[in-house]
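Student: Could we go through the charged side-chain pairs together? I'd like to see where they sit along the chains.

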Amino acid sequence: MDDMSDTNAWKHVPPSMRKVLMLRQVCQSAITLIGIAVVLFISGWYKADRPQWVLPIVVLLVVYTVGDLLTQPLQTKWEYDFHTYCLNENELILKKGWLWRSTTVIPLNRVQNIDSEQGPILRFFGLTQVTVHTAVDKHTIDALYTADAQEIMQRISQRVQQMRAMGGE
Amino acid sequence: MSSNNQMAVQQHWQRLHWIALITLLIRGVKQLYALIGIIVLQAINTFDKQTTISKLVLLILGIITVSFWIFQALSAWITTQYSVDANGISYRSGFFNKKHVFIPFEQIHVIASSQSWYCKPFSVLTASISVAGDDKTSIQLLAISEQTYQQLEQSYHEHSAKHKQSHTDTATENSELLSSQHSLSNSLEYNKLSTIGKSNTNTEEVTVIDTNTPVREDKNAITGGTVVGNSTATIISTGNNATLPTYPSNVPSYKNNAYSSQIAGYRAKISDIIVFALTDVRWLASVMVLYGFYSEYNDKVPRSIHNWANTQVDAAMHAGWIIISLLVFAVLLIVAIASVILTLFRFANFSVTRNGNNIVISRGILSVRTVSIPVEHIQSVSIRTTLLRRCLGLCSVQLGTSATQGVGDDQVGNGLEVIPVIARSRVFNTLQLILPEIEINDVPVRYTARGLYRYYATVPVVSTIVVSAGSAVAIWYWDLSAWLMILPIFAGIWWLAVRLLSAYSEGYALYGKDRICVHGTSVFTLYELYTSRMRVETLTQSAPPWWGSKAISRVEMQIFVKHDISSVTLRAMHNSDVYALSQWLRESVYF
């Protein structure tokens, strides 16, 4: 993955992002397990004549959800270690993913607009998510300290304006 | 936090007019109508049969729904604020999930307004500010005063004018740097020439067609250009370093072609349309659809007809293989004829012409439908072929545009079909004639995945083995028919074939000043996508850790195309190719 990384100043997202990832996974797993329990109850799990397909599907879902939850500390570590970003004069580069890892180059002259979002969990930890939109897709820095988020948004928008003013492609 | 405070000081946030609350409440009703309807219907239908507890539950549900409806509208109104400054529009909203959007004036694609009847007395309207290509980031200001809207529009137009001026200035400066000696005798002629190509000669003749002269109809795709009319203009270039678009050396020059306000580029012949219909595999799928339709509604068919049909089929089945084969052949023939007739209607009088700065597609027998696409809206061109058409040396051409064009029948799949079917040997000359700006040529392609077949085959093979094993267990456990094993195996073979075709076909070519051609597949359709660097928005390299040691990655490029192919994936390539592509993309910011 070094081929696109010949730039400097790679920055990590704040360490509290690890707690956010863990908390999100716990909430997600809890919701999934409650959902499974509700579906089981509605479908008459306690009845003797329950459909035969219920057992294997439930087992698969529970194994996947619990497995996902148990491996979350490892996933979080890998994801946090790899989730970095680099903002230089001409481009924003994002590295994300825990198993399938991706590196995305976003030339700043392709940026359409930037927005920030702060859900309840991120707000609790004083973090903000920044999303950079191009004409066709969007790319997210999952968490930054709110002040850093404001600063990075300002830097990107200023640079984009400079580039627009200079013309070019 | 200092920057935060600074931003807060600079911006004057304004809240929407209170009439926005009415709009939000109306929208809330539209969103919740299904839920409200269910509760009301349930309450009415079963009122007498319900116990007190059920009625209480319904009442609580009703109160929660109404409270949610009012809270949603109120919170949206309270938290939504906007600010217009010298650079653009800021917008923030959200109670739990806060959202902050800033759109610079230069990025605004469209500003539109609408006014509901209840907003008129207050001189308030709804403004929609959209950015190109991305609907999700568009802003809608539900109720702002007409005066604010006018100011907004004025600022936008001022910025647009300034932006265009700065671009012109930059282009002029670059032009002066590159070619200080270059001059043209006539600006009008310069514009015409600039859409054609680089001038390497001191004197160049361009035949200009008198638009009043009837165009000679060339029934075939034109390979050499159609010269119509007799007025001639001479363009004199005093230097060899003209700053007009350059082309790769192996691109056949079309500078001697007639370029005019109207060029007949392609006209579909009857034989073309028939070949298109017969090589369109979708007509085979229609047989399945017909059968499915019959299976679904056979109980609606009168019993006598149903019995008669069954008797005939049974009789045919017992008559031997020849009769069965003839029967199948007859069914296929009927469907093929139906497909040809429908396609003939669809592409009757189909023609593509270049008219000034527009590509004009027209078709139809009784009523002629015409779609005019400004060339500046064309973002990409894709040449596609199915395996069947490839064997016959045929292909079709689609355009990717930046805005909605040619909706309805003119769109095939996701793209805008400009040439339904054409011989591959003719396609490049035809496209160079009608779309010289896109610089389409049969460039040599670097096939990036040949030799990396295992990266394409591993997932389908492993998945097929796992699913087949699971299916075998399920068949044994539930005592199902062993024939069901065919399904995962067939799906696996299909998937593997698709992946291997991708591995054989995927590749790219960087050519010209800023052009890229990407070869890829979509199931069993092969495509060649031609676009420019500016249309490639982002490049993503990805790989699992175990690919890293082999220096192999997957690459995905997002392309600014509203229709047609908007994302290109090359599933496995060497990192040296990734580097070449990323460097090529990065060059766009150095000017």
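Tutor: What follows is a short walk through the salt bridges of this predicted model.

Student: How many salt bridges turn up over all chains?

Tutor: Searching the whole structure gives 12 salt bridges over all chains.

Student: Let's start with chain A, then: which side chain does A:Asp142 meet?

Tutor: A:Asp142 meets A:Lys96 in a salt bridge, at 3.3 Å from N to O. The pair links distant parts of the chain, since A:Asp142 lies in strand β7 (residues 138–145) and A:Lys96 in strand β3 (residues 91–96), 46 residues apart.

Student: And is A:Asp142 buried or exposed?

Tutor: A:Asp142 counts as buried because its relative accessibility is 11%, while A:Lys96, at 24%, counts as partly exposed.

Student: Switching to chain B, what does B:Asp577 pair with?

Tutor: B:Asp577 forms a salt bridge with B:Arg446, and the closest N and O atoms are 2.5 Å apart. Here helix α15 (residues 575–586), which holds B:Asp577, is linked to strand β18 (residues 446–447), which holds B:Arg446, the two residues being 131 residues apart. B:Asp577 is buried, with a relative accessible area of 3%, whereas B:Arg446 is partly exposed at 46%.

Student: Where does the B:Glu587 and B:Arg533 pair sit?

Tutor: B:Glu587 is in the segment after α15 of chain B, and B:Arg533 is in the loop between β21 (525–532) and β22 (536–543), 54 residues apart. Their closest N and O atoms are 3.2 Å apart, and in this pair the arginine, B:Arg533, counts as buried at 5% relative accessibility, with B:Glu587 partly exposed at 44%.

Student: Which residues do shared partners join into one network?

Tutor: B:Arg424, B:Asp442 and B:Glu528 are joined into one network by salt bridges that share partners.

How values were computed. Residues are numbered from 1 along each chain as its sequence is written. Chains are lettered from A and ligands numbered from 1 in the order in which they are written. This is a predicted model: local features need pLDDT of at least 70, side-chain atom pairs count only at pLDDT 80 or more; totals for chains, interfaces and linings use all residues. Side-chain values use heavy atoms; hydrogens and water are left out. A salt bridge is a side-chain nitrogen of Lys or Arg within 4 Å of a carboxyl oxygen of Asp or Glu. Helices (H or I, at least four residues) and strands (E, at least two) are DSSP runs, numbered from the N terminus. Buried means under 20% relative accessible area, exposed over 50%, partly exposed in between (1.4 Å probe, protein chains only).
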